[in-house]
Amino acid sequence: MIAAILIPFAAAVLVGLAVLWPGGAPPHERTGVGFDRQTQQATVTKVVEVSCQEAGAQGVPPTGDTSTAEGSSAVQQENGDCKRATIRIDSGKDKGRTFTEIVQPDQSRQLHEGQEVVVAYEPSAPKELQYSVTDVNRRLPLTVLAGIFALAVVAVGRLRGLMALISLAISFLLLNFFILPAILQGSNPLVVAVVGASAIMLIALYMCHGLSARTSVAVLGTLISLLLIGLLGSVFIDWAALTGNTDDNTGLIHGLYPTIDMSGLLLAGIIIGSLGVLDDVTVTQTSAVWELHEANPSMGWRGLYRAGIRIGRDHIASVVNTLVLAYAGAALPLLLLFSIAQSGVGTVANSELVAEEIVRTLVGSIGLVASVPVTTALAALVVSADRPGAESAAAETAAAPVRGGRGRRRKR
C-alpha cells in the first residue's frame, strides 16, 4: 500500500524536475543596488590617522542646526580624527590596483591593516571612485565554523551523520541549481517549491534513515502536512492581501524580474521553511511508535496511537514554541522599531511586514501540529499490520509464564 502511493509520487517528482529544470538564471544588467553589485576581494594594506578636516570628511548640517543628532555628528566628525585606509584589489581585472577610503570616527565598521574586505565596483563612476568597501570578508571564520559543525555531526552521528551531511549538500544543490533559477525563469513559484521540497524530502529522509516502511510512513506524514500547509498558506495569503513585496530586497527582485509572482514566492518560502521542522517531527513520531511496538508487540493500533500521541503532545509544545521564537528572533530589529515608535499591538500586527511573519508562523505551526496525529495514526496502522504471525507468536510466548503460574497455584 505504501509503495502504491510513494512510487507514483516519486515518479511525479522526477517528471516535475525534468520538465521544470532550468538552464540557468536569465541574465540581466546589474543595477549597482544592494546585492546586485559587482564585487571583488580586497585587502587593507595601510591605515593612517588623519584629521577629518584634512581628509575633507567634515560635513555641514543641512539645516545649520548643531543641536540635532545629524548636526552633532557633523561637528564630531569635523573635530575628530578619521582614518585613511589604502585598499588593494585582489581579484578581477583590476587585481593589484589600490585606492583609498576615508573611515569616519562614528562609523560602525572600522578598518585595520591586513584585514580582508569585500569591495563594490561601479564602472560608470570616476576612476578614483569606482571602488568602495562594502563589507568584511568572513569566509575564513565561516569555513572554520562549518568544519566544526561537520566534525561534530560525524563524531556523534557516525554513518548517519555523514549521510545527513551528504543529503544537506544535495539539498543546497537543488536549491541553487533548480529552485532559484526555475523561479527566476518565470516558472510558478508554488509548483517549483512543491517539486523541489518533495525531492529534498525524499532524498534526505531515505538517505538518513534507510529504505524501510518506517521511513516511508514519515515521508507520507510529511507529504500530507506539506499539502495542508500549501492549502492554508494559499488561502490566508490571498485573504490577508499579502503581496510578498515588503522590503528593499523583494522590491529589487520584482524590479529585475517583474514576471515573478511575489505572493507565490512568499508561499514557496513558507513550504520550504516548514519542511525541515516537519521532517524532524514525522521521523520522531514514527520512531516512537515503532519502538513502542518493539517493546510490546501485542499492543493494537489504538493502543499504539494513544501512547504515540502522548509523546507527540510534548513534541508539539516544544516545536511550536521553537518556531515562533525563531521567527521573532529573525524579526527582532523590526519589532524594536515598532517599539521605539510606540505602536500598538494591533497596528504592528496589521502592517504587512509583521502580518507576513504571522501568517508564515501560524500556517507552519498548524502544519506541524497536524503532522503529529496524522503521522502517529499512519505509523500505528502500518506497524500493527506488520508481520501478524510474529506478533501472535510473541503474544503466546508472553502469555505462557502466566498460564504456568496459574497451574502451579492450583497444584498447591
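**Pocket, strands and confidence in a predicted model**

Helix α4 supplies eight residues to the lining of the second largest pocket, the largest share. This is a predicted model, in which local features need pLDDT of at least 70 and side-chain atom pairs count only at pLDDT 80 or more, while totals for chains, interfaces and linings use all residues. Residues are numbered from 1 along each chain as its sequence is written, and side-chain values use heavy atoms, with hydrogens and water left out.

Helices (H or I, at least four residues) and strands (E, at least two) are DSSP runs, numbered from the N terminus. A pocket is an open set of points on a 1 Å grid over the protein atoms alone, where a 1.4 Å probe fits, with protein on both sides within 12 Å along at least five of seven lines; lining residues have an atom within 4 Å of a point. The second largest pocket has a volume of about 340 Å³, taken as the space filled by probe spheres set on the points, which are joined across faces, edges and corners. Its lining holds 18 residues. Ala-164, Ser-167, Ala-204, Cys-208 and Asp-279 lie nearest the centre. At least two lining residues come from each of α4, α5 (189-209) and α8 (262-295). The lining has 10 nonpolar, five polar and three charged residues. Here Ala, Val, Leu, Ile, Met, Phe, Trp, Tyr, Cys and Pro count as nonpolar, Asp, Glu, Lys and Arg as charged, and the others, Gly among them, as polar.

Strands pair if DSSP finds at least two bridges between them. Strand β1 (residues 38-51) pairs with β2 (residues 81-89) in the antiparallel sense over nine bridges. Ala-42 has Ile-89 of β2 as its bridge partner, and Val-47 has Ala-85. β1 also pairs with β4 (residues 116-121), again antiparallel, over six bridges. There, Gln-38 is partnered by Tyr-121. β2 and β3 (residues 98-103) run antiparallel and are joined by six bridges. Arg-84 stands opposite Ile-102 of β3.

Helix α6 (residues 213-239) has 27 residues and should span 39 Å at 1.5 Å a residue, the expected span being 1.5 Å times one less than the number of residues. Its end C-alpha atoms are 39 Å apart, which agrees. Just after α6, Ala-241 takes a positive phi of about 55 degrees.

Mean pLDDT (the predictor's confidence in each residue, from 0 to 100) is 79 for the chain. Confidence is highest in α4 (residues 139-184), at 90, and lowest in α13 (residues 388-411), at a mean of 42.
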